[in-house]
Amino acid sequence: MDIAVIGAGIAGLAASIALTRAGHRVTVYEKSSFKNEIGAAILVTPNGNRVLRRWGFDFEKARPVDFKVFRFVDAVTLHVAVEDCFDDVEDRFGDRMCAYHRVDLHAGLKDLAEAAGVEIRLGCEVVSVEVEKGEFEIRGGERVVRDFVVLADGCHTHFLPQVTGEDTPTVKIGKSVYRWLAPFSKVLEHPDAKRLWGEAKGPGFCTFYLPNGCMMVTYPCRNGDLLNCAVFHDTRADESHKLDWDSNTTHEKVLETMQGCHDAVRSIPLTAEHMKVYTVTQRRPSPRIHAGKVLAIGDTIHHMLPTHAQGGCSALEDAGALEVLFASSSFAALAPLPSELSARLRLYTRLRLPRSATTQILSSTNPRMTMEGLATKKDEIRKFYAGDLVDFPLGCISWSRPVREFWYGYDVFGQAERAMRYKADGVVPEGVLTWFGDVSPGEKMEFAGRV
Ligand SMILES: Cc1cc2nc3c(=O)[nH]c(=O)nc-3n(C[C@H](O)[C@H](O)[C@H](O)COP(=O)(O)OP(=O)(O)OC[C@H]3O[C@@H](n4cnc5c(N)ncnc54)[C@H](O)[C@@H]3O)c2cc1C
């Protein structure tokens, strides 16, 4: 097929790699010129790294930092209140749990896409989409028609209602984030910071609880040279419109939020030149994720809260599913009939929607960022997913062991291959596609799924 992917974020690049590997010709249309690097880190858990590894991602070049611990620290006394390890994650779930500088992850994906033969067209802003025809217009007037279009233009997409048939606007949760990347060596110049990080059993989260109830999440990236910092706080009136990642703020505002904190904590923002702020939003899942010749993936369709580090990982899973379900060798002809494409899109929906919608809903069950009451979440989830919910609602506490079982063990390739076995008659037993992994306490992952 001739395929267009709209957007070259993690989802769009990953989908372009997957669909090229599946035997199609892929062009990516990206509105930016890639010059606006986003200075922040991203944690990728084993379910995401499994996808990257299959594609031969150059981990060494991307310089991620493997996570070994998480610690909750009192920001006033520096007392470590909670400490747990991620030591067994790689062994148990079969891949790494590591943090990348976003620019490094993105560059690695772009290298893979280009090596696979994907054409990436920059400066191409899509201004309208006709889903039934698989046609869209680029600013300036160029019109493009493709056999299949993947919509990966992120959470600020204008085209989602055409796909889902409903209006699901993004919703502000009342929180904003101050964020910056600090040179780690400068942070450690403070003797108490040096002692705090020196006592850690390895790299990972060091999350500070501030006296005003705010939370500062920190973790290293890029070989440990940089410390990624994010202060979640109640949105101030002057920042509620700042929905993009690149809005500037001042050190004064950040330090205001950190009043009463230990000097070693307050000195962290002072080591960095630029402070950014953005206001956190989320969107509720829709039961329809494709229409006509267009499929929505990534943040476009499952924009979630960053509580469990699953947004980017879900985008990688989407791409993994595309690689298997859209393998050109499995179509009757290179340009499949619309009916064949639409059958494959239904199969994709059955595979992906239960998991991505559940992930989306569970992302808002973290006590510090919950938008609505927990009581309603299970009912919401049941609209999409009938399988087991690991230790709900306790299982939704970020980084807890049940949460790890639920998300990290998932093998999208294995599950997609199972789904393909049922494509002939199109009847997929519920248990095949709604179960997210087979793990019993104390066992190593088998990825066997259950039928
Ligand atoms: C604070 C925070 C922390 C997070 N931490 C993690 C984490 O640790 N782990 C994790 O897995 N996830 C995390 N996430 C989520 C993750 O960042 C996102 O899920 C992921 O980046 C989404 O990628 P995407 O490609 O779907 O969207 P985007 O990254 O938004 O990409 C969309 C692309 O489309 C382009 N585009 C937009 N409109 C058009 C148009 N009209 N025409 C052409 N191109 C267009 C944009 O320029 C952009 O390049 C976090 C998110 C936040 C906010």
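Predicted model: local features only at pLDDT ≥ 70, side-chain atom pairs only at ≥ 80, totals over all residues.

Reader: What is the order of the strands in the open sheet?

Author: Eight strands, in the order β6-β5-β14-β15-β16-β13-β18-β17, with mixed pairing. On average, neighbours are turned by 25° against each other, direction ignored.

Reader: What makes β6 and β17 edge strands?

Author: Each of them, β6 (80–85) and β17 (247–249), pairs on one side only.

Reader: How do you know that β13 and β16 pair?

Author: Two strands pair if there are at least two bridges between them. Nine bridges join β13 (residues 171–183) to β16 (residues 226–234), so the pair qualifies. The two run antiparallel, and W180 has C229 in β16 as its bridge partner.

Reader: And the largest nonpolar core, which residues have the most contacts inside it?

Author: W55, Y100, F136, F148 and F326, in a core of 115 residues. Helix α13 (residues 338–362) gives the largest share, nine residues.

Reader: Why is this core said to lie between domain 1 and domain 2?

Author: Because domain 1 (2–33 + 122–169 + 284–434) and domain 2 (65–88 + 171–282) both give residues to it. Apart from it lies another core, of 28 residues, including F184 and F208.

Technical notes. Residues numbered from 1 in each chain as written. Heavy atoms only, no water. Core = buried A, V, L, I, M, F, W, Y, C linked by side-chain atoms within 4.5 Å. Buried < 20%, exposed > 50% of the residue type's maximum accessible area, 1.4 Å probe, protein only. Helix = DSSP H or I, 4+ residues; strand = E, 2+ residues; numbered from the N terminus. Domains from an automatic or database assignment. Axes fitted to C-alpha atoms, helices over the stretch in contact; angles between N-to-C directions.
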